[in-house]
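Visitor: I have a chain to look at and some questions about how it packs. Could you show it to me?

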Amino acid sequence: MLIHEGFTYIFERNGQDSKRIWRCSDYTRTKCKGRCHTRKNNTVSFVSEHNHALSHAKVGAKLLKAEIKKAAISETSSPTSVILANSVKNVSVDVAAALPNIRSLKRTIQMARSIALEMPQSPSTLEELEIPEEYMRVCYVFSLLCNVRYVFSQLCIVRYVPS
Ligand SMILES: [Zn+2]
C-alpha cells in the first residue's frame, strides 16, 4: 500500500522504465480513477485527480493497522487483547471510527503471528543456520534427481564417444 498526500493507493502494475502504477484504494467503492506513479527509490512522479475528499482518519486507521501487525510479531508473549489495547489507547475519535471492528483487528493480529511463525527466521551466522526437515526432504529429492541426471548424462557421453 502507498500513502501519498492523504490518499491511499494499492499497487496495480509495473509500467515502463521501472515505473510502478498505483490505483486509488477507493476504486471499487467510489469508482475513483485516481492513480499515482512512482519511480525507483519510491519517488512519486505523477498523481491524477480523485473524485472524493481525502480522509485523514482512513489514512490514520491504515497506519495504525500496520503498527498493530508489527507489534503482533515483535511482542509475541503479549496476548492479542493487550496488543490491541496498547495500540488504540491514544487514537483520536475519528481514526477509531475508521478502524475495522475489534474482532477483525484481533484476527489481523493472529494472522500476522501465524504468518511470522510459519516462515523460517533468517540466521545471522552460519552456526544459527537450521534447515527445517520439510525443506531438507525437498533438497534430498532434488539432489537425488540431479545425481540421476548426472549419471544418465555420463552414460550418454560414454555411449556416444566416437570411436
Ligand atoms: Zn481516489
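Visitor: Leaving aside neighbours within four places in sequence, which residues is Cys36 in contact with?

Guide: This is a predicted model, where local features need pLDDT of at least 70, side-chain atom pairs count only at pLDDT 80 or more, and totals for chains, interfaces and linings use all residues. Residues are numbered from 1 along each chain as its sequence is written. Two residues are in contact if their C-beta atoms, placed from the backbone, lie within 7 Å. With neighbours up to four places away set aside, the partners of Cys36 are Leu2, His4, Tyr9, Trp22, Val44, Phe46 and Val47.

Visitor: Where is Cys36 found, and is it buried or exposed?

Guide: Cys36 is found in strand β4, residues 35-38. Helices (H or I, at least four residues) and strands (E, at least two) are DSSP runs, numbered from the N terminus. A residue is buried if 20 or more other C-beta atoms lie within 10 Å of its own, exposed if 12 or fewer, and partly exposed in between; C-beta atoms are placed from the backbone. Cys36 has 22 such neighbours, so it counts as buried.

Visitor: What distance separates the C-alpha atoms of Cys36 and Cys24?

Guide: Along the chain, Cys36 and Cys24 are 12 residues apart.

Visitor: Which residues form the largest nonpolar core?

Guide: A nonpolar core is a set of buried Ala, Val, Leu, Ile, Met, Phe, Trp, Tyr and Cys residues joined through C-beta atoms within 7 Å. The largest one has five members: Phe7, Tyr9, Trp22, Cys24 and Cys36. Two elements give two or more residues to this core, β2 (7-14) and β3 (20-24).

Visitor: Phe7 is in that core. Which residues does Phe7 touch, not counting residues up to four places away in sequence?

Guide: Phe7 lies in strand β2. It counts as buried because it has 22 C-beta neighbours inside 10 Å. Leu54 is 47 residues away in sequence, yet the two C-alpha atoms are 5.7 Å apart. The residues that Phe7 touches are Cys24, Gly34, His50 and Leu54.

Visitor: Is Ile10 buried, exposed or partly exposed?

Guide: Ile10 also has its place in strand β2. Its contacts, leaving aside neighbours within four places, are Met1, Trp22, Arg23 and Ser25. There are 13 other C-beta atoms within 10 Å, so Ile10 is partly exposed.

Visitor: What is the phi of Asp17, and what is that of Ser18?

Guide: Most residues other than glycine have a negative phi. Asp17 is found in the loop between β2 and β3, and Ser18 lies in that loop too. Asp17 counts as exposed because it has 7 C-beta neighbours inside 10 Å, and Ser18 counts as exposed with 10. Phi is positive in both: about 50° for Asp17 and near 55° for Ser18.

Visitor: In what order do the elements of the chain run?

Guide: The chain has six helices and five strands. Of its 163 residues, 10% count as buried. From the N terminus on, the order is β-β-β-α-β-β-α-α-α-α-α.

Visitor: How are α3 and α5 oriented to each other?

Guide: Helix α3 (80-88) and helix α5 (102-118) have axes 10 Å apart, at an angle of about 115°. Axes are lines fitted to C-alpha atoms, for helices over the stretch in contact, and angles run from 0 to 180 degrees between N-to-C directions. Angles under 35 degrees count as roughly parallel, over 145 as roughly antiparallel, 65 to 115 as roughly perpendicular and the rest as oblique. The two helices are therefore roughly perpendicular.

Visitor: Which residues in α3 and α5 meet?

Guide: On the α3 side they are Thr80, Ile83 and Leu84. On the α5 side they are Ile102, Leu105, Lys106, Ile109 and Gln110.

Visitor: How are α2 and α5 oriented?

Guide: Helix α2 (residues 56-74) packs on α5 with axes 8 Å apart. The angle is about 45°. That makes α2 oblique to α5.
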